[in-house]
Amino acid sequence: MSKELKNIADNIMDQIHEEKIKMRPKAYFIAGSILTFVGLVSSVVVSVFLVGLIRFSLRTHGPMASYRFDQILSSFPWWAPVLAIVGLVVGIWLLRKYDFSFKVNFKIVIIGFILAVIVGGWFIDSVGLNDVLIRRGPMQGMMRQYMQDNNIQGGQGGGQRWDKNFEK
Amino acid sequence: MSETLKLTDEEIVEKVRSNDRDLYAVIIERYKNKLLRYAANLVYDNDKASHIVQDSLVKAYINLNGFNTKKKFSSWIYRIVHNEAMNAVKKSKKEVPILDDFDFESEQDITKEFEQKETAIHVEKCLKSIPLIYSEPLSLYYLDEKSYEEISDILRIPMGTVAIRMSRAKKLMKHICQKN
């Protein structure tokens, strides 16, 4: 055993001296942290936006839900919940990489994260932030395509609008 | 050299990072025995354990710039060994199954016995016969003298879970080891 231990020390120091093993630069770890953070924020933003879209899509079909059920099924953006779930899973996975995450009950973190996304989606839909996203946000192409496909008009004018006034 | 020996792990790491690579030998000297015993308790094989320790120390050196010197180096290096050992265990599937519905009895006797140094060898033997999720915190606490907080950092589990596993581990030790 002691011979093995001696070998361990010698082997490693030899590899270091011969530069067979090198320290990764600090920039590598800084970039990793930044990318993780950006990924986490993006997954939250995408999930919140898509939850807002799902809520909007359900609302645009108006009253008499049973009569319009077929319509909902045919025009509902099914990719949105799928992407929202993917966003949530990626977000939770990234969250696990943070140092604090193991110190709190992870079930609570997951439930809190999902609730925050749902409440966030509901909130941006309620205050009409979706309208701003349609006109200026990064998702405008996606939203316009969805609205065109389903004959929904955004902003001012007739048809169905994606803001709280539509509900009145 | 004697000056160097007075430095903390974290201070040595700072020096290694700022181009004094030879000081990494001090880190290796400080940890190799402890890590080897820890790894051997996880994989039950001395050869594998020494490979694990070597790989872990290499990995630690490569990622040394990612270590936060405000935290404890010992927890960090033990965590790396833990990960390496778990990969080895998964490969060989040698882990003892987890017994969730075990019939526990009083833990009084075994706790008392545990605290006596002369039983260390017997205890180490017994550790091998209880599931890894219980033997690992126990071995870190009694053999490596880690605090609950350090065990929590190494195993990445909340402190409450450490306490629960410790308590269950003691009961299992009593149940299994007092028979022998």
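Colleague: Which residues in helix 9 of chain B are buried?

Modeller: In helix 9 (residues 148-155), those are Ile151(B), Ser152(B), Asp153(B), Ile154(B) and Leu155(B). Bear in mind that this is a predicted model: local features need pLDDT of at least 70, side-chain atom pairs count only at pLDDT 80 or more, and totals for chains, interfaces and linings use all residues. Residues are numbered from 1 along each chain as its sequence is written, while chains are lettered from A and ligands numbered from 1 in the order in which they are written.

Colleague: Why are helix 8 and helix 10 of chain B called roughly perpendicular?

Modeller: Helix 8 (residues 132-142) and helix 10 (residues 159-177) of chain B pack at about 100 degrees, their axes 8 Å apart. Roughly perpendicular covers 65 to 115 degrees; under 35 is roughly parallel, over 145 roughly antiparallel, and the rest oblique. So helix 8 and helix 10 of chain B are roughly perpendicular to each other.

Colleague: Which residues meet there, between helix 8 and helix 10 of chain B?

Modeller: Among them, Ile133(B), Leu138(B) and Tyr141(B) of helix 8 and Val162(B), Met166(B) and Leu172(B) of helix 10. A contact is two C-beta atoms, placed from the backbone, within 7 Å. By class that contact has nine nonpolar, one polar and two charged residues.

Colleague: And how many residues does each chain bring to the contact of chain A with chain B?

Modeller: Chain A brings 20 and chain B 23. Helix 1 of chain A gives the most to chain A's side, nine residues.

Colleague: How many helices and strands does chain A have?

Modeller: Seven helices, zero strands. Helices are DSSP runs of H or I of at least four residues, strands runs of E of at least two, numbered from the N terminus.

Colleague: What is the mean pLDDT of chain A?

Modeller: The mean is 72, and 60% of its residues reach 70 or more; pLDDT is the predictor's confidence in each residue, from 0 to 100. Over residues 155-168 of chain A it is below 50. Where pLDDT is low, the predicted coordinates should not be read in detail.

Definitions and conventions
Axes are lines fitted to C-alpha atoms, for helices over the stretch in contact, and angles run from 0 to 180 degrees between N-to-C directions. Ala, Val, Leu, Ile, Met, Phe, Trp, Tyr, Cys and Pro count as nonpolar, Asp, Glu, Lys and Arg as charged, and the others, Gly among them, as polar. A residue is buried if 20 or more other C-beta atoms lie within 10 Å of its own, exposed if 12 or fewer, and partly exposed in between; C-beta atoms are placed from the backbone.
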